[in-house]
Amino acid sequence: MVRLGDGANIELFEIEGTVPGVHGIGALGLQHFAVYCDDIAEVLRRVLAAGGAQLRGPNPLFGAEEGPGNAMHYVRAPWGTLIELISTPAGTAPGREMNRWQPTRS
């Protein structure tokens with residue numbers, strides 16, 4: 001995980017093989033990005049209204065991100081980019097594999 005000041009985090013990882021149901025996530029290069037959502041259902045509604053496609057989810061998060069209401073959802077933007085919507089209203093567990101930084105809410 002690379003944190004860019006008080007802004008974005010970039011998660012770099014290696015995927016071996018493919019992920020069923022999410023075309024292209026195992027390919028080389030930038031394949032998707034994630035966007036934190038306070039209200040994942042509302043963001044999904046807006047993606048669909050803008051011409052995006054619902055792919056997989058919502059799925060509960062697991063591991064350090066597991067918690068009540070914590071979820072992710074894959075969508076495809078109208079121009080084809082794979083986007084992961086992620087919401088962690090219960091936060092992430094301290095002392096687990098990571099403590100994910102989130103911007104201060106205004």
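## Starting at Leu 48

Setting aside neighbours within four places in sequence, Leu 48 is in contact with Ala 53 and Gln 54. Leu 48 itself sits in helix α1, which spans residues 40-49. Is Leu 48 buried, exposed or partly exposed? Its relative accessibility is 36%, so Leu 48 counts as partly exposed; the cut-offs are under 20% for buried and over 50% for exposed.

Ala 77 is 29 residues away from Leu 48 in sequence, while their C-alpha atoms are 8.7 Å apart in space.

## The chain as a whole

Please keep in mind that this is a predicted model. The chain contains one helix and seven strands, and reading from the N terminus these elements run β-β-β-α-β-β-β-β.

Of the 106 residues in the chain, 25% count as buried. The chain exposes about 7200 Å², and carbon and sulfur atoms supply 56% of that area. Taking the contacts between residues at least 6 apart in sequence, 49% join residues at least 24 apart.

Which residues of α1 are buried? They are Ile 40, Leu 44 and Val 47. These residues lie on the same side of α1, because they cover an arc of only 60° around the axis.

On the face turned away from the buried side, you will find the exposed residues Ala 41, Arg 46 and Ala 49. Just after α1 comes Gly 51, which takes a positive phi of about 100°.

Now turn to β7, which covers residues 82-87. This strand is mostly covered, with six of its six residues buried. On one side are Leu 82, Glu 84 and Ile 86, and on the other are Ile 83, Leu 85 and Ser 87; both faces are covered.

Two strands pair with β7. Strand β3 (residues 32-36) pairs with β7 in the parallel sense over five bridges, and His 32 stands opposite Leu 82. Strand β6 (residues 71-76) pairs with β7 in the antiparallel sense over six bridges, and here Val 75 stands opposite Ile 83. The hairpin of β6 and β7 has five residues between the strands, and in it Gly 80 takes a positive phi near 105°.

## A closer look at Ser 87

Ser 87 belongs to β7. With a relative accessible area of 3%, Ser 87 is buried. What does the side chain of Ser 87 reach? It reaches the backbone oxygen of Cys 37, at 2.8 Å.

Leaving out neighbours within four places in sequence, the contacts of Ser 87 include Tyr 36, Asp 38, Ile 40 and Leu 61. Gly 69, Asn 70 and Ala 71 are also among the residues in contact with Ser 87. Cys 37, for its part, is in contact with Val 43, Leu 85, Ile 86 and Ser 87, again leaving aside neighbours within four places.

## The nonpolar cores

As a general background, nonpolar side chains tend to be buried together in soluble globular proteins. Which residues form the largest nonpolar core here? It has eight: Cys 37, Ile 40, Leu 44, Val 47, Val 75, Ala 77, Ile 83 and Leu 85. Both α1 and β7 supply at least two residues of this core, and α1 gives the most, with three.

There is a second, separate core of five residues, among them Met 72, Tyr 74, Leu 82 and Ile 86.

## A cis bond in a loop

One last stop is the peptide bond between Gly 57 and Pro 58, which is cis, with omega about 0°. Pro 58 is found in the loop between β4 (53-54) and β5 (59-60).

Conventions
Residues are numbered from 1 along each chain as its sequence is written. This is a predicted model: local features need pLDDT of at least 70, side-chain atom pairs count only at pLDDT 80 or more; totals for chains, interfaces and linings use all residues. Side-chain values use heavy atoms; hydrogens and water are left out. Helices (H or I, at least four residues) and strands (E, at least two) are DSSP runs, numbered from the N terminus. Buried means under 20% relative accessible area, exposed over 50%, partly exposed in between (1.4 Å probe, protein chains only). Contact means heavy atoms within 4.5 Å. A polar contact is a pair of N or O atoms within 3.5 Å; within protein, one must be able to donate a hydrogen and the other to accept it, and residues adjacent in sequence count only if both atoms are side-chain atoms. A nonpolar core is a set of buried Ala, Val, Leu, Ile, Met, Phe, Trp, Tyr and Cys residues joined through side-chain atoms within 4.5 Å. Two strands pair if DSSP finds at least two bridges between them. Accessible areas come from the Shrake-Rupley method with a 1.4 Å probe; for residues, only the protein chains shown count as cover. The arc is that of the directions from the helix axis to the C-beta atoms.
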